[in-house]
Amino acid sequence: MIEVEHLSKSFKVKKRDAGVGAALKSLINPQYTTVEALHDISFNIDEGEIVGYIGPNGAGKSTTIKIISGILVPDSGKCNILGHTPWKSRVNHVKNIGVVFGQRSQLWWDVPVMDSYNLLKDIYKITHKDFRNTLELLTDTLDLSTLLSMPVRQLSLGQRMRCEIAASLLHNPKILFLDEPTIGLDAVSKIAVRNFIKTINKEKKVTVILTTHDMNDIETLAERIILIGKGKILLDGTLTELKNRFATHKTVTVDFAENNAPISIEGTTILSRSDERISLSVALDKIKVSEVISRLSKQFEIIDVTVNSRPIEEIIVDLYKEYQI
Amino acid sequence: MKAYVSLFKMRLLKGLQYRIAAFAGVSTQFFWGFMFIMIFEAFYSSTSNPQPISLTQLIQVVWLQQSFLVFIMLWFRDNELINLITSGNIAYELCRPTDLYRFWYAKLIAQRLSGALLRCFPIIIVATLLPKPYNFTLPPSFTAFILFLITLILGLTLIVTISMLIYISIFYTMSGTGSLLIFGVFGEFFSGLVIPVPLMPEILKKIVYLLPFRYTSDLPFRIYAGNIGLNEAIVSIGVQVVWILILLALGKLWMKKALRRVIVQGG
């Protein structure tokens, strides 16, 4: 459905040091550097997938989204989305896609949300019947009914984001690109947005590509992740694969009746220790968690045990470190 | 086509929201109108030579200039379009299945029309009620009126075609100030909004007639005032159309080129 091959894109960036002197110098002799935003990116995405596209700031996530949604023209490479090359047949391509840029707004600031929707209806040539049906569905699932008659400037960020997402789905696109859709949202709105993405993916078979820095988004939504750093794809696989590969440790925390006997179990390292609590990092390839707990219970009078997997955030940080990005 | 009509409607609604701004605009235009008329009256009373345009005709031109100000001023800008480019919100515009040139064209026409609709009628009505010789009168003939309407609409088309070039240039300069200022000052002078074209020296007149600017305002207004006859008017309509076609082609070509190198600002 989406085929991307050897995509590359570089930007020319004007460079100068801070200060008046440097500003004057750059006026006469501007210095440019070329920044390679994307370098030989290739991937395929099938219908109905939700793909999390992750990477640190400046990795090239948004650039990729902008190229495959037909906004930017790449330096080289091929891309085929539902039979169109985005930057060559932009107008035909964009009919099939919906795009949300979390940091921008597509709604008209001064007028009620509904006016913007009506305009989009005409821009996308949506029939009256289709429009009503889609709008009804979106209003129900995103809880928009009270928002539609309000001017956009009076909406809160969470309300606006829900309206933005609805706006990019009015024309029933087959593919949805979400560039940081949950940025700046509170917990409730985040969950609402996530649930909605899941719903339309299941019910309407919308293919979703989403970039985010929120690993909870990824964990709840994406079966597949593509990790990009410095313009290159570093990892393309399922979340479980990633976890198995990097979640090599678990943390065991035990509360016990006061005891300060020394302890050492092979395959674990002590993270913290007090008279009533110990925290151990367990290397899973050396010792089982149950084994650690039974060894501890022999020595202490255990009150409470918690076992934590490493949060996905930490795994990502490790990944960034491993690839030096 | 429906999209453009609907966009137009949206723009019109937005423009109509700002009633106070329109009222302030109307008052300002009266101030300017009177000032121009007083200057020209002083000029006409100090000369005994016959001038290429009579004071009454000139007064008609002044009132038309003031009522259709947003039709004819190149500096009348659409900040929304400028912000789209400089802030990177153009990303959303490019996600729409529309031709960007036509889309913006519709926006700009709508913006000028909505501005003019609110302002022109109050000015015209009040100016008609003024005592002679300062009042606004009917055109010399019905034909002149029809020609005025045709040239006015073509003039609006032409000015938007010119201003499209300003907006496209912002893709390169990232600021509208420079282009707007240069085009604004040049345009204003060469369309006879500072010194009326008939009062210009011969050599300057020749230059003015070679440029597109006077066909946006000087032409329709002088037709209304009866300073330009039927034959010249018909030839000038041809010139207007040619200019529109040339600048349209240029703008579309440039836009296509600009979009190939567009950079979405701000990540």
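The domain assignment of chain A gives two parts, domain 1 (40-243) and domain 2 (248-309). The C-alpha centres of these two domains of chain A lie 44 Å apart. Keep in mind while you look around that this is a predicted model.

**Chain A**

Let us stay with chain A for a moment. Its secondary structure comes to 11 helices and 13 strands. The radius of gyration of chain A is 25 Å, well over the 20 Å that the globule rule gives for 325 residues, so chain A is more spread out than a compact globule. Along the principal axes, the C-alpha trace of chain A spans about 75 × 55 × 40 Å. Of the 325 residues of chain A, 34% count as buried. If you take the contacts in chain A between residues at least 6 apart in sequence, 70% of them join residues at least 24 apart.

**Chain B**

Now turn to chain B, where the secondary structure comes to 12 helices and zero strands. A compact globule with 267 residues would have a radius of gyration near 18 Å, and the 19 Å of chain B agrees with that. The C-alpha atoms of chain B fill a box of roughly 65 × 40 × 30 Å, taken along the principal axes. Buried residues make up 40% of the 267 residues in chain B. Among contacts in chain B with a separation of 6 or more, 81% come from residues 24 or more positions apart.

| Helix of chain B | Partner in chain B | Axes and angle |
|---|---|---|
| Helix 3 (residues 55-67) | Helix 7 (residues 100-128) | 8 Å apart, about 150 degrees |

How do the directions work out? Angles over 145 degrees count as roughly antiparallel. Helix 3 of chain B and helix 7 of chain B are therefore roughly antiparallel to each other.

In the pair of helix 3 and helix 7 of chain B, the contact is made by B:Trp63, B:Gln66 and B:Ser67 of helix 3 and by B:Arg119, B:Cys120, B:Ile123, B:Ile124 and B:Ala127 of helix 7. Those residues divide into five nonpolar, two polar and one charged.

In the other pair, helix 8 of chain B brings B:Ala144, B:Leu147, B:Phe148, B:Thr151, B:Leu152 and B:Gly155 to meet B:Leu219, B:Pro220, B:Ile223 and B:Tyr224 in helix 11 of chain B. By class, this contact of helix 8 with helix 11 of chain B has eight nonpolar, two polar and no charged residues.

**Where the chains meet**

Finally, the two chains together. The contact takes 24 residues from chain A and 21 residues from chain B. On the side of chain A that touches chain B, the elements giving two or more residues are helix 2 (61-68), helix 3 (90-94), strand 5 (97-101) and helix 4 (113-123) of chain A. Helix 4 of chain A provides the largest share of that side, five residues. By class, the residues on the side of chain A that touches chain B divide into 13 nonpolar, five polar and six charged.

Key. Residues are numbered from 1 along each chain as its sequence is written. Chains are lettered from A and ligands numbered from 1 in the order in which they are written. This is a predicted model: local features need pLDDT of at least 70, side-chain atom pairs count only at pLDDT 80 or more; totals for chains, interfaces and linings use all residues. Two residues are in contact if their C-beta atoms, placed from the backbone, lie within 7 Å. Helices (H or I, at least four residues) and strands (E, at least two) are DSSP runs, numbered from the N terminus. Ala, Val, Leu, Ile, Met, Phe, Trp, Tyr, Cys and Pro count as nonpolar, Asp, Glu, Lys and Arg as charged, and the others, Gly among them, as polar. Domain bounds come from an automatic or database domain assignment. The radius of gyration is taken over C-alpha atoms; the globule rule is 2.2 Å times the number of residues to the power 0.38. A residue is buried if 20 or more other C-beta atoms lie within 10 Å of its own, exposed if 12 or fewer, and partly exposed in between; C-beta atoms are placed from the backbone. Axes are lines fitted to C-alpha atoms, for helices over the stretch in contact, and angles run from 0 to 180 degrees between N-to-C directions. Angles under 35 degrees count as roughly parallel, over 145 as roughly antiparallel, 65 to 115 as roughly perpendicular and the rest as oblique.
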